[in-house]
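Here is a friendly walk through one protein model, meant to be read with the structure open beside you. Shall we begin with a word on what counts as touching?

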Amino acid sequence: MKSWAEKLNASGPFEVKPVPVNIAGMKAGEIMLVPTPRLVDDFIRTLPKGRHMDVKTLRQAMAKQHGAEVTCPITLGFHLRTVAEAAFEDYQRSGDICSVTPFWRVLDSSTSTVSRLSFGAAFVTEQRLNEGLKE
(Lines give C-alpha, C1' and ligand atoms only; values in the text may rest on other atoms or scores of the structure.)
Protein backbone atom coordinates (compact mmCIF):
# COMPACT_ATOMS: atom_id res chain seq x y z
CA MET A 1 0.00 0.00 0.00
CA LYS A 2 1.31 3.46 -0.92
CA SER A 3 2.12 6.00 1.74
CA TRP A 4 0.31 9.33 1.63
CA ALA A 5 3.56 10.97 0.51
CA GLU A 6 3.77 8.55 -2.42
CA LYS A 7 0.15 9.37 -3.34
CA LEU A 8 0.97 13.07 -3.13
CA ASN A 9 3.87 12.73 -5.54
CA ALA A 10 2.48 10.03 -7.88
CA SER A 11 0.14 12.23 -9.84
CA GLY A 12 0.55 13.38 -13.41
CA PRO A 13 -0.22 16.84 -14.77
CA PHE A 14 -3.30 18.81 -13.80
CA GLU A 15 -6.03 19.35 -16.39
CA VAL A 16 -8.05 22.34 -17.51
CA LYS A 17 -11.09 21.24 -19.48
CA PRO A 18 -14.81 21.88 -19.94
CA VAL A 19 -17.16 20.43 -17.34
CA PRO A 20 -18.89 17.55 -19.19
CA VAL A 21 -22.25 17.67 -17.33
CA ASN A 22 -23.88 19.69 -14.58
CA ILE A 23 -22.37 18.28 -11.39
CA ALA A 24 -21.38 19.39 -7.89
CA GLY A 25 -22.47 22.99 -8.46
CA MET A 26 -20.63 23.28 -11.77
CA LYS A 27 -22.38 23.87 -15.07
CA ALA A 28 -21.70 21.90 -18.24
CA GLY A 29 -19.28 23.81 -20.43
CA GLU A 30 -17.61 25.83 -17.68
CA ILE A 31 -13.83 25.62 -17.83
CA MET A 32 -12.72 23.47 -14.90
CA LEU A 33 -9.38 22.93 -13.21
CA VAL A 34 -8.85 19.30 -12.21
CA PRO A 35 -5.94 19.67 -9.80
CA THR A 36 -3.37 17.13 -8.73
CA PRO A 37 -2.46 16.56 -5.08
CA ARG A 38 0.93 18.23 -5.71
CA LEU A 39 -0.76 21.31 -7.19
CA VAL A 40 -3.01 21.62 -4.12
CA ASP A 41 -0.03 21.12 -1.81
CA ASP A 42 2.03 23.75 -3.61
CA PHE A 43 -0.84 26.26 -3.45
CA ILE A 44 -1.42 25.73 0.28
CA ARG A 45 2.29 26.25 0.95
CA THR A 46 1.94 29.81 -0.42
CA LEU A 47 -0.52 30.80 2.31
CA PRO A 48 1.29 32.91 4.90
CA LYS A 49 1.32 31.98 8.57
CA GLY A 50 -1.77 33.25 10.36
CA ARG A 51 -3.89 33.45 7.17
CA HIS A 52 -6.87 31.17 6.65
CA MET A 53 -8.55 30.42 3.33
CA ASP A 54 -11.76 28.41 3.23
CA VAL A 55 -12.18 25.64 0.68
CA LYS A 56 -14.55 27.66 -1.51
CA THR A 57 -12.05 30.52 -1.75
CA LEU A 58 -9.24 28.03 -2.40
CA ARG A 59 -11.20 26.57 -5.31
CA GLN A 60 -11.80 30.03 -6.78
CA ALA A 61 -8.19 31.13 -6.39
CA MET A 62 -6.76 27.95 -7.89
CA ALA A 63 -9.16 28.14 -10.85
CA LYS A 64 -8.24 31.75 -11.54
CA GLN A 65 -4.52 31.00 -11.25
CA HIS A 66 -4.84 28.34 -13.96
CA GLY A 67 -7.19 30.14 -16.35
CA ALA A 68 -10.29 28.19 -15.35
CA GLU A 69 -13.71 29.26 -14.10
CA VAL A 70 -14.08 26.55 -11.45
CA THR A 71 -12.05 23.92 -9.64
CA CYS A 72 -13.50 20.43 -9.36
CA PRO A 73 -14.77 20.17 -5.76
CA ILE A 74 -14.79 16.37 -5.79
CA THR A 75 -11.17 16.03 -6.88
CA LEU A 76 -10.09 18.85 -4.57
CA GLY A 77 -11.73 17.11 -1.60
CA PHE A 78 -9.78 13.92 -2.26
CA HIS A 79 -6.56 15.85 -2.67
CA LEU A 80 -7.02 17.91 0.48
CA ARG A 81 -7.06 14.67 2.44
CA THR A 82 -3.94 13.44 0.64
CA VAL A 83 -2.13 16.72 1.39
CA ALA A 84 -3.11 16.63 5.07
CA GLU A 85 -2.23 12.97 5.58
CA ALA A 86 1.12 13.37 3.78
CA ALA A 87 1.93 16.45 5.89
CA PHE A 88 1.09 14.56 9.08
CA GLU A 89 3.31 11.65 7.96
CA ASP A 90 6.14 14.16 7.43
CA TYR A 91 5.51 15.70 10.85
CA GLN A 92 5.58 12.29 12.55
CA ARG A 93 8.85 11.46 10.80
CA SER A 94 10.62 14.79 11.33
CA GLY A 95 8.93 16.37 14.35
CA ASP A 96 9.31 19.72 12.58
CA ILE A 97 5.91 21.37 12.13
CA CYS A 98 7.49 24.30 10.23
CA SER A 99 8.61 22.04 7.38
CA VAL A 100 5.23 20.49 6.57
CA THR A 101 2.42 21.81 4.39
CA PRO A 102 0.18 23.95 6.64
CA PHE A 103 -3.10 22.34 5.59
CA TRP A 104 -4.77 23.71 8.74
CA ARG A 105 -4.79 27.09 7.02
CA VAL A 106 -7.52 25.64 4.78
CA LEU A 107 -9.09 22.91 6.91
CA ASP A 108 -10.76 23.48 10.26
CA SER A 109 -12.75 21.21 12.53
CA SER A 110 -15.97 21.98 10.64
CA THR A 111 -14.55 20.99 7.22
CA SER A 112 -15.89 17.57 6.19
CA THR A 113 -12.43 16.36 5.17
CA VAL A 114 -11.22 16.61 8.78
CA SER A 115 -13.62 13.90 9.94
CA ARG A 116 -11.88 11.45 7.58
CA LEU A 117 -8.31 12.19 8.68
CA SER A 118 -6.48 9.33 10.39
CA PHE A 119 -5.20 11.65 13.12
CA GLY A 120 -8.47 13.45 13.91
CA ALA A 121 -9.46 17.05 14.43
CA ALA A 122 -7.45 17.77 17.60
CA PHE A 123 -4.19 18.21 15.67
CA VAL A 124 -5.86 20.58 13.20
CA THR A 125 -7.41 22.61 16.02
CA GLU A 126 -4.09 22.80 17.88
CA GLN A 127 -2.21 24.08 14.81
CA ARG A 128 -4.92 26.65 14.09
CA LEU A 129 -4.76 27.90 17.67
CA ASN A 130 -0.94 28.09 17.47
CA GLU A 131 -1.31 30.43 14.48
CA GLY A 132 -4.13 32.48 15.98
CA LEU A 133 -6.68 31.22 13.48
CA LYS A 134 -10.32 31.05 14.54
CA GLU A 135 -11.77 27.59 14.84
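## Ground rules

Two residues are in contact when heavy atoms of theirs lie within 4.5 Å. This is a predicted model, in which local features need pLDDT of at least 70 and side-chain atom pairs count only at pLDDT 80 or more, while totals for chains, interfaces and linings use all residues. Residues are numbered from 1 along each chain as its sequence is written, and side-chain values use heavy atoms, with hydrogens and water left out.

Helices (H or I, at least four residues) and strands (E, at least two) are DSSP runs, numbered from the N terminus.

## A loop residue with two contacts

Start with Thr-111, in the loop that lies between helix 4 and helix 5. Leaving aside residues up to four places away in sequence, Thr-111 touches Val-55 and Val-106. Its relative accessible area is 16%, so Thr-111 is buried; the term means under 20%, with exposed over 50% and partly exposed in between (1.4 Å probe, protein chains only).

## Helix 2 against helix 3

Two packed helices are described by the angle between their axes and the distance between the axes. Here the axes are lines fitted to C-alpha atoms, for helices over the stretch in contact, and angles run from 0 to 180 degrees between N-to-C directions. For helix 2 (residues 37–45) and helix 3 (residues 55–65), the axes come within 12 Å and cross at roughly 105°. That makes the two helices roughly perpendicular, a class that covers 65 to 115 degrees; under 35 is roughly parallel, over 145 roughly antiparallel and the rest oblique.

From helix 2, Leu-39, Val-40 and Phe-43 meet Leu-58, Ala-61, Met-62 and Gln-65 of helix 3. These contact residues comprise six nonpolar, one polar and no charged. Nonpolar here means Ala, Val, Leu, Ile, Met, Phe, Trp, Tyr, Cys and Pro; Asp, Glu, Lys and Arg are charged, and the others, Gly among them, are polar. The buried residues of helix 2 are Pro-37, Leu-39, Val-40, Asp-41, Phe-43 and Ile-44, and their cover includes helix 1 (4–9), strand 2, helix 3 and helix 4.

## The sheet

Now to the strands, which pair if DSSP finds at least two bridges between them. Three of them form an open, mixed sheet in the order 1-2-3. Strand 1 (15–18) and strand 3 (70–71) are at the edges with a single partner strand each, so one side of each has no neighbour in the sheet.

Strands 1 and 2 run antiparallel, joined by four bridges, and Lys-17 stands opposite Met-32 in strand 2. Strand 2 (residues 31–34) and strand 3 run parallel, with two bridges between them. Met-32 has Val-70 of strand 3 as its bridge partner, and Leu-33 stands opposite Thr-71.

In the loop between strand 1 and strand 2 sits Ala-24. Its phi is near 50°, a positive value in a residue other than glycine.

## Aromatic rings

Rings of Phe, Tyr and Trp (its six-membered ring) pair if their centres lie within 6.5 Å; planes under 30 degrees apart are stacked, over 60 edge-to-face and the rest tilted. The model has nine aromatic pairs by this rule. Tyr-91 and Phe-123 form a tilted pair, because their ring centres are 5.4 Å apart and their planes at 45°. Tyr-91 lies in helix 4 (residues 73–94) and Phe-123 in helix 5 (residues 121–130), so the pair ties together parts 32 residues apart in sequence.

How accessible are these two? Tyr-91 is partly exposed at 28% relative accessible area, whereas Phe-123 is buried at 10%.
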